[in-house]
Amino acid sequence: MELFSGKTVVISGGAEGIGFAVAQAVGREGMNVVITDISTETLAQAQAKLSDQGIAVLALAADVRKEADWERVVEATIAQFGAIHGLMNNAGVGGGGSSGPIEEHSAEDWRWTIDVNLMGVVFGMKTV
């Protein structure tokens with residue numbers, strides 16, 4: 001599809017799940033794919049799988065809670081592919097860092113959740 005061919009997308013949380021599935025789908029349509037993830041091991045596996053499928057991929061370790069990481073992602077993406085045409089703010093976590101009832105989640109658990117699910121999106125949109 002010409003709409004995607006030669007364009008570049010950044011996908012946070014792109015090393016697994018929905019983000020990885022989207023990376024595969026748009027990569028097959030000819031997009032350059034930049035995947036970010038906090039897990040370097042999962043990221044390396046995803047990069048290898050996408051490369052094996054003939055998809056142009058750049059994999060970058062990044063913590064979406066850190067604006068500086070987003071800035072580094074943008075700089076590396078432009079250096080590699082020249083431009084960014086799309087952003088998928090996909091990285092996200094479930095409520096709180098612990099399992100169990102909501103009343104058992106600490107304030108720190110909720111700060112982590114808000115930082116990933118809200119500030120990660122804000123920093124992604126602002127930076128890209």
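This is a predicted model: local features need pLDDT of at least 70, side-chain atom pairs count only at pLDDT 80 or more; totals for chains, interfaces and linings use all residues.
Strand β2 spans residues 32-37. Six of its six residues are buried, so the strand is largely enclosed by the rest of the structure. In a regular strand the side chains alternate between the two faces of the sheet.

Strand β2 pairs with two strands, β1 and β3. Strand β1 covers residues 8-12. The pairing of β1 and β2 is parallel and runs over five bridges. Within this pairing, V10 has V34 of β2 as its bridge partner. Helix α1, residues 17-28, belongs with these two strands. Together, β1, α1 and β2 form a right-handed β-α-β unit.

Strand β3 covers residues 57-61. β2 and β3 also pair in the parallel sense, over five bridges. Here the bridge partner of I35 is A59 in β3. From β2 the chain passes through helix α2, residues 40-52, to reach β3. This β-α-β crossover is right-handed.

Which residues is T36 in contact with, leaving aside its neighbours within four places in sequence? The contacts of T36 include I11, S12, G13, G14 and A15. L43, L60, A62 and V73 are also in contact with T36.

Key
Residues are numbered from 1 along each chain as its sequence is written. Side-chain values use heavy atoms; hydrogens and water are left out. Buried means under 20% relative accessible area, exposed over 50%, partly exposed in between (1.4 Å probe, protein chains only). Helices (H or I, at least four residues) and strands (E, at least two) are DSSP runs, numbered from the N terminus. Two strands pair if DSSP finds at least two bridges between them. A crossover is right-handed if, with the strands pointing away from the viewer, the path from the first strand over the helix to the second runs clockwise. Contact means heavy atoms within 4.5 Å.
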